[in-house]
Amino acid sequence: MAVENGVWIMRGRDWNDPACIRTYQELIGRINEVGFLPLFKNEIDGFSVEEQTADLFWWTGDIERDPWEWRVLAARDAEVAYGKFFGGKAGFISLPWLPVFANYRRDGYDFDARWDDELASAREKKIMDCFERETEWTALQLKGEAGFGKIGEKNFSGVVTALQMETYLVIRDFRRKVNRRGQAYGMPVSVYMRPETVWGYGAVTAGYGEDPAASQKKIYEHVRRLFPAAGEEPLRKVLR
């Protein structure tokens with residue numbers, strides 16, 4: 001996705017292209033086939049949902065054909081993990097690859113151990129402590145509960161993105177606020193959970209027995225096989 005002369009431009013396939021992803025289940029199948037996939041076009045050509053879908057139905061609200069709506073289904077169904085995993089931007093990771101990413105990005109640390117070794121920030125700690133009290137939080141609820149705001153901690157969005165990049169949090173749903181009459185209003189906001197809560201501790205941490213550097217190598221080499229033209233700098237920007 002790019003802006004040209006003030007207009008958003010999508011870089012996708014023709015709807016009639018046999019390789020075009022046209023349904024949600026086809027998207028899940030592609031993610032499981034390739035292992036992990038960013039949502040939008042990035043520094044690695046072809047490595048995104050955007051480039052493998054047509055631009056005809058993006059942001060139409062048509063749940064059958066709109067890739068923007070498919071990310072909501074993916075978060076809810078938990079067939080794959082969804083969150084900001086690629087250079088601080090959104091994308092999907094298949095469940096077999098999730099422990100590989102967790103081991104690499106966490107450097108083999110559960111969050112509490114990272115905090116004990118003074119590798120996590122106080123702002124990250126405030127956010128993660130909230131998940132000791134409740135299993136899920138909307139972005140708005142979490143921001144307030146963790147003490148972020150005008151007179152509190154700053155850069156909530158950046159800290160939550162960092163926790164997703166480290167695989168300590170995933171996006172599990174999108175919800176709108178509800179007024180006193182029970183009516184939904186406003187734009188949907190992300191609902192966050194720990195991946196261990198969604199898929200189980202053993203499934204998420206299954207890669208901990210491997211050197212994190214080996215997990216990183218697996219991820220990079222996998223993308224190199226899929227996209228041999230990708231250079232080292234694009235790989236670092238997307239996968240770091």
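Student: Does Arg 13 count as buried, partly exposed or exposed?
Tutor: The model is a predicted one. Arg 13 has a relative accessibility of 31%. Buried means under 20% and exposed means over 50%, with partly exposed in between. Because 31% falls in that middle range, Arg 13 counts as partly exposed.

Student: Which side chain meets Arg 13 in a salt bridge?
Tutor: The N to O distance of this contact is 3.3 Å, and a salt bridge requires a distance within 4 Å. The partner is Asp 17.

Student: How are Asp 129 and Lys 125 placed along helix H5?
Tutor: The two residues form a salt bridge, with the closest N and O atoms 3.1 Å apart. Both lie in helix H5, four residues apart, so their separation is about one helical turn.

Student: How far apart are the closest N and O atoms of Lys 218 and Glu 210?
Tutor: Lys 218 is partly exposed at 40% relative accessibility, and Glu 210 is partly exposed at 24%. Their salt bridge has its closest N and O atoms apart by 2.9 Å.

Student: Which residues are linked with Arg 76 in a network of salt bridges?
Tutor: A search of the whole structure finds 17 salt bridges. In the network that holds Arg 76, the other members are Glu 136, Asp 173 and Arg 175.

Student: How many residues apart in sequence are the parts that the pair of Phe 36 and Trp 97 ties together?
Tutor: The structure holds 18 aromatic pairs. Phe 36 and Trp 97 form an edge-to-face pair, at 5.1 Å centre to centre and 75 degrees between the planes. Phe 36 is in strand E3 and Trp 97 is in the loop between strand E5 and helix H3, so the parts tied together are apart in sequence by 61 residues.

Student: Is the pair of Phe 40 and Trp 58 stacked, edge-to-face or tilted?
Tutor: The ring centres are 5.5 Å apart and the planes are at 35 degrees. Stacked needs planes under 30 degrees apart and edge-to-face over 60.

Student: Where does Asp 117 lie?
Tutor: Asp 117 is partly exposed, with a relative accessible area of 44%. Asp 117 gathers with Asp 112, Asp 116 and Glu 118 in a patch of negative charge on the surface. Its place is the loop between helix H4 and helix H5.

Terms used: Residues numbered from 1 in each chain as written. Predicted model: local features only at pLDDT ≥ 70, side-chain atom pairs only at ≥ 80, totals over all residues. Heavy atoms only, no water. Patch = residues over 30% accessible without salt bridge, like charges linked within 9 Å, V, L, I, M, F, W, Y side chains within 5 Å. Areas by Shrake-Rupley, 256 points an atom, 1.4 Å probe, with all protein chains shown as cover. Lys, Arg positive; Asp, Glu negative; His and termini not counted. Charge placed at Lys NZ, Arg CZ, Asp CG, Glu CD. Helix = DSSP H or I, 4+ residues; strand = E, 2+ residues; numbered from the N terminus. Buried < 20%, exposed > 50% of the residue type's maximum accessible area, 1.4 Å probe, protein only. Phe/Tyr/Trp six-rings, centres within 6.5 Å; stacked < 30°, edge-to-face > 60°.
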